[in-house]
Amino acid sequence: MVETTQNSQIKDTADRSVGSRSGRILPHRQFIPVDRAAARSWYAKLDEGRPANARIDARSLLSSWTYLAILGGLIHVYKIEGRAFEIMMWTVLATLPIYEFVPFRLKKPVLAGSALIAMGLIYGAAAAITVVSFATAMVCLARTSKLSWHTRAGLITAIALGLAVARSAEAFAFLPPAFWAVAGTMLMFRLALYMYELKHAKKQETWTDTASYFLILPNWCFLHFPVVDYRTLQRGFYSKEITETRRRGLNMIFTGVTHLLGYRLVYHELLITPAEVVGTATLVSYLACNYLLYLRVSGQFHIACGVLHMFGNHMPETHHHYLLANSFTDYWRRINIYWKDFMVKTVFNPVFFRMRKRPQPVALGVATCAVFVATWALHAWQSFWLRGTWGLSVTDGLFWGILGVAVLANVQWDARRKPALRSTAGPTFTEQVRRIAGICGMLVSITLLWSLWSAPTLGDWLAMMGRGLIPG
Amino acid sequence: MKKSDGSLLRRLPKGPNSWASFALGLIVFATIPEPFLPADVVRLRDVLQRTGLNRADYESMERGYYEGLLDTVRSVSSDSGKSGDKPAAPPQNEHGPTPERPVLAVDDMREYVLQPSIDATAFDTHWVTNRLGLRDSDYPAEKGPEKIRIALLGDSIACGWGVTQAERFEEIWEKSLRNQARTTGQDVEVWNFATPGHSPGQRWKNFEIVGAGIPFDLVVYEGTTSDPGWDALRMSHFMARSVGLDDPLYEKTLKAAGFVPNMDPKKNSAALRNWSWTILQNVYGRIVDGCHEQGLPVAFVLIPRVGSNLGKLEKIALMNRARNAGFDYVVDLTDTFDDYRDEDLAISDGDYHPNARGHSILAEAWTNSLAAWPDLKSRLESRREQIR
């Protein structure tokens, strides 16, 4: 039994051999005992609200960490996606054990902190400080209650447009070169979604949730990033049991890595240039391989989403077997699902509901057109911030226009069609043939559209198609 | 499943075992030594590990650079009012930097050369050229017996694209040779004939024309893994103007291919597509013959580009062609950058040109490997023997 005195000297009442005969405490006995009860209450306080899904399971963590380390080894050996990605993976591996054991309320701050560290490691301290300072200022402007929502939205829009002009004019040369792309990837879409939440949410979003939304760790190595919805991210936080969530995440990361390896095979070995298209066989080869370059995007998105899962964020998948789409609306629903949801939330639904007094085909048509105009414009917006060029061209406009018309026609057709009665016996032979024909038709259509989008000019594309289809 | 098995399975750690095994298998696959694998499997593995751009995108990037160079050529040509009939004179400006036109159009198969005697900045590189239009010091033409003079034929890396003259691997090598030669009262000059964008054949032609009548002791040819196909690409352009059709560099191949020049470079490119390796072999052969006719030993050094762009099997084929062509000394330095990150060695993101650090690393490997070249070694040591 030990009792402490004001001078922190210990007098062991039970052990008479502690001190000398004079009663002085020997040095090796002079320590300040940890107030375990106080420490436990501090941890418990911060751990309040920990759901059952977030229970600490060291064995499950070790298992997940080991599998992630294997994937990290694979990424290192095959030098997948470069230095930034490797730094991100090592940051995830280092953070995961800490993240598992911190109190529940500190999880999001720890994750945001590790995202900040990773940003600094990848882009340098100067770029990280500049980006975070600017983003903080923009988020403070978005949150301030002193201005109305519309005024804030107007100011943010004006600042964004002003920066776009400044970037085009190569002003602000004192800013680190990485500032534009990193600040762009953080804010160009997520700030709009955040403003949407501020308008419709019943209460103010906490700074912790806000920081966890803008500081997303895998974003720094994948500047071209899924448009993560704010509410989906918050709702997905430990919404399912952590082991199951992590397993799903590991599957996604592995799927993403196989996509990226497949991309390498296509890019380095199979892809030919448009100039090498001299007949039908080479045309088919080019169309297929050119489309399969999208594996890089789907691979990166799978990995990004998988990494979020490692930290308890149970998120929807980013792509769903897009090569098996059997109609244009099915394709739109399967490819880049986060973008589709972003468009539905911010463009389609508002436009459709504003037109709800009109006949449904008109409302559907206008809303669908609005979605594709917005998609075309926002892709250019994204290209500007990440690459410095708008990427607008005739072929770009034609791609989105034709795709938009096709989806519009499909939407109208689907709206008029009677829903098929689902048979308990499964699809019939005719239905399966129809489905396969639909998949083949979609593959042909999309590969053609994709090749149009990749062509420098319409003339080049027509020339290539001519060489491929017309013998001699 | 029996209840006892179920309880056992519950005790085992759960996880995505199937894909983890596949991932471990891929890691092991990456480490198996090449002799234990069939050639096709080695090629597949090489593709899966390849980073950087593919050949088409590298060529496109080169075209992007050199279109920029050629644009300045076209602007010079249009200023002179003629489409490349004769080279335009450099602007008359003795003081301060000249306008950003570091190249001159020429109407032979070199297409363009560096402007002589300029001091200008273009494409983020500071260009200072000597009276011969080489990005090098102005050496006197005469050469005494105590001087060892080496000609370096190369591309934009040897020319030092993106770095200063002093940072180039050739300058570092020259300095090292000078220090070594000084102990025996000798001097060494390395004349850098490299011009950005020149194909292997164009590099030789530039040396043939600019170096004509100038005595040399040794020639070093610097190649990269982009050599295959480069001549075919340039030929498709200058042969569209009926230039170079009867040049010994290409004559043999053109006859074998039954090549008929077309004014459309794309058609020429299509006709020559399957002859890239044959063209290269004959160009290498002509370089060796041309050097040997002048009594010049010639070395072949294959250097890396930052980020790999040629498979291992293609590289082996390239080295074999160099040996078959008869180069007196053949060195492969393509693994020099293997232990480094591309981002740390490239002049900019996605670029294959090495920065100053890359040149320094390359210079060390270059110096060490050429130190063992018997023809160079014997010349450096011959005077030492005389002194003894």
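Modeller: A:Cys369 has a relative accessible area of 41%, and because this value falls between 20% and 50%, the residue counts as partly exposed. The model is a predicted one. B:Cys291, by contrast, has a relative accessibility of 0% and is therefore buried. As for cysteine pairing, a disulfide requires two cysteine sulfur atoms within 2.5 Å, and the count over all chains is 0.

The part to examine closely is a helix pair in chain A. Helix α12 of chain A spans residues 280-292, helix α18 of chain A spans residues 429-454, and their axes lie 9 Å apart at an angle of about 80°. Because this angle falls in the range of 65 to 115 degrees, α12(A) and α18(A) are roughly perpendicular to each other. On the α12(A) side, the contact is made by A:Tyr286, A:Leu287, A:Asn290 and A:Tyr291. The residues they meet in α18(A) are A:Leu443, A:Ile446, A:Thr447, A:Leu448, A:Trp450, A:Ser451 and A:Ser454. By type, the contact of α12(A) with α18(A) comprises 7 nonpolar and 4 polar residues, with no charged ones.

Elsewhere in chain A, helix α2 (residues 58-77) contains A:Ser64. With a relative accessible area of 5%, A:Ser64 lies under the 20% limit and so is buried. Leaving aside residues up to four places away in sequence, A:Ser64 touches A:Arg246, A:Leu250 and A:Met310.

On confidence, chain A has a mean pLDDT of 87, with 90% of its residues at 70 or more. Over residues 1-20 of chain A, however, pLDDT stays under 50.

Terms used:
Residues numbered from 1 in each chain as written. Chains lettered and ligands numbered in written order. Predicted model: local features only at pLDDT ≥ 70, side-chain atom pairs only at ≥ 80, totals over all residues. Heavy atoms only, no water. Buried < 20%, exposed > 50% of the residue type's maximum accessible area, 1.4 Å probe, protein only. Axes fitted to C-alpha atoms, helices over the stretch in contact; angles between N-to-C directions. Helix = DSSP H or I, 4+ residues; strand = E, 2+ residues; numbered from the N terminus. Parallel < 35°, antiparallel > 145°, perpendicular 65-115°, else oblique. Contact = heavy atoms within 4.5 Å. Nonpolar A, V, L, I, M, F, W, Y, C, P; charged D, E, K, R; others polar. pLDDT = per-residue confidence, 0-100.
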